[in-house]
Amino acid sequence: MTATDPIIKVTGVDKWYGGSFQVLKNVSLEIGRGEKVVICGPSGSGKSTLVRCLNQLEEHQKGTIVIDGVEVSRSMRNVADVRREVGMVFQSFNLFPHLTALQNCSLAPMRVRGMKPAEASELAMTYLERVHIADQAHKLPAQLSGGQQQRVAIARALCMNPKVMLFDEPTSALDPEMVKEVLDVIVELARTGMTMVVVTHEMGFARSVADRVIFMDRGEIAEIAPPEEFFGAPKNERARQFLGQILASHPQILTEAPL
């Protein structure tokens, strides 16, 4: 791998559910190092499935996925190697309920990286501070708001020092007033130059942060474009309909200042 090679390369990926319903259809894309990519589209378009295939939380049946030179395959060794380098933040936080925020963040560095407890705890505090929640380090998830739990989940992923961060609709389970606090953290992370793939319906975020927007429909990539092109003059008819519906109720997306 060289610095100019894509860190993620997806080629001809197909996936079926139940042997008959095809959720991904010949999906191909490349993502460069440090690139911020937002994947959007209507519900059921395959966007979350695609992101979950990148670290094999979902298996694909055809095609290849290569991350930082390692092909994601049914070889558990390859999958484990990729997962060590790819952080993921889910819709529903997925924190261990019996562990504090600090313990949730320090567990993987100890188990996977072999860190000593004191070293892992110091690292965890560093990232809890980074997502502005260090004062909640000793609380259990049930004692935190949804926005706070999602920020702990982001810190937990960062503790593994990933080369790529995947976000699967990270704000969809949050109350509206909590969405901004999580998006602000993701924006700060984007500014550090980390490679990020974000599935989201937050179009203001996509317009402000993404280097490219990927629009999916019915299991296919229908359009890939820089945000100014995607929001200004999408070429795909289905993308125009999708944006038209969103902008009809949120016209400020095209004029509001960057996040």
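The contact is made by Ala 101, Asn 104 and Cys 105 on the α3 side and by Val 152, Ala 155 and Arg 156 on the α5 side, where contact means heavy atoms within 4.5 Å. Sorted by type, the residues of this contact come out as four nonpolar, one polar and one charged; Ala, Val, Leu, Ile, Met, Phe, Trp, Tyr, Cys and Pro count as nonpolar, Asp, Glu, Lys and Arg as charged, and the others, Gly among them, as polar.

The model is a predicted one, in which local features need pLDDT of at least 70 and side-chain atom pairs count only at pLDDT 80 or more, while totals for chains, interfaces and linings use all residues. Residues are numbered from 1 along each chain as its sequence is written, and side-chain values use heavy atoms, with hydrogens and water left out.

As for geometry, α3 (residues 101–111) and α5 (residues 146–158) pack at an angle of about 25°, their axes 8 Å apart. The two helices are therefore roughly parallel to each other, a label for angles under 35 degrees.

Helix α4 (residues 117–130) holds Ala 120. With a relative accessibility of 0%, Ala 120 counts as buried (under 20% relative accessible area; exposed is over 50% and partly exposed in between, with a 1.4 Å probe and protein chains only). Leaving aside residues up to four places away in sequence, Ala 120 touches Ser 106, Pro 109, Met 110 and Met 115.

Now for the rings. Aromatic rings pair if their centres lie within 6.5 Å, with planes under 30 degrees apart called stacked, over 60 edge-to-face and the rest tilted; the count comes to three pairs. Phe 215 and Phe 230 have ring centres 6.2 Å apart and planes at 35°, so this pair is tilted. Phe 215 sits in strand β9 (residues 212–217) and Phe 230 in helix α8 (residues 227–232), 15 residues apart. The rings of Phe 215 and Phe 242 also form a tilted pair, with centres 5.3 Å apart and planes at 55°. Phe 242 belongs to helix α9 (residues 237–249), so the pair ties together parts 27 residues apart in sequence. Both Phe 215 and Phe 242 are buried, and Phe 230 is buried at 0% relative accessible area. Phe 215, Phe 230, Phe 231 and Phe 242 form one aromatic cluster.

Methods
Axes fitted to C-alpha atoms, helices over the stretch in contact; angles between N-to-C directions. Helix = DSSP H or I, 4+ residues; strand = E, 2+ residues; numbered from the N terminus. Parallel < 35°, antiparallel > 145°, perpendicular 65-115°, else oblique. Phe/Tyr/Trp six-rings, centres within 6.5 Å; stacked < 30°, edge-to-face > 60°.
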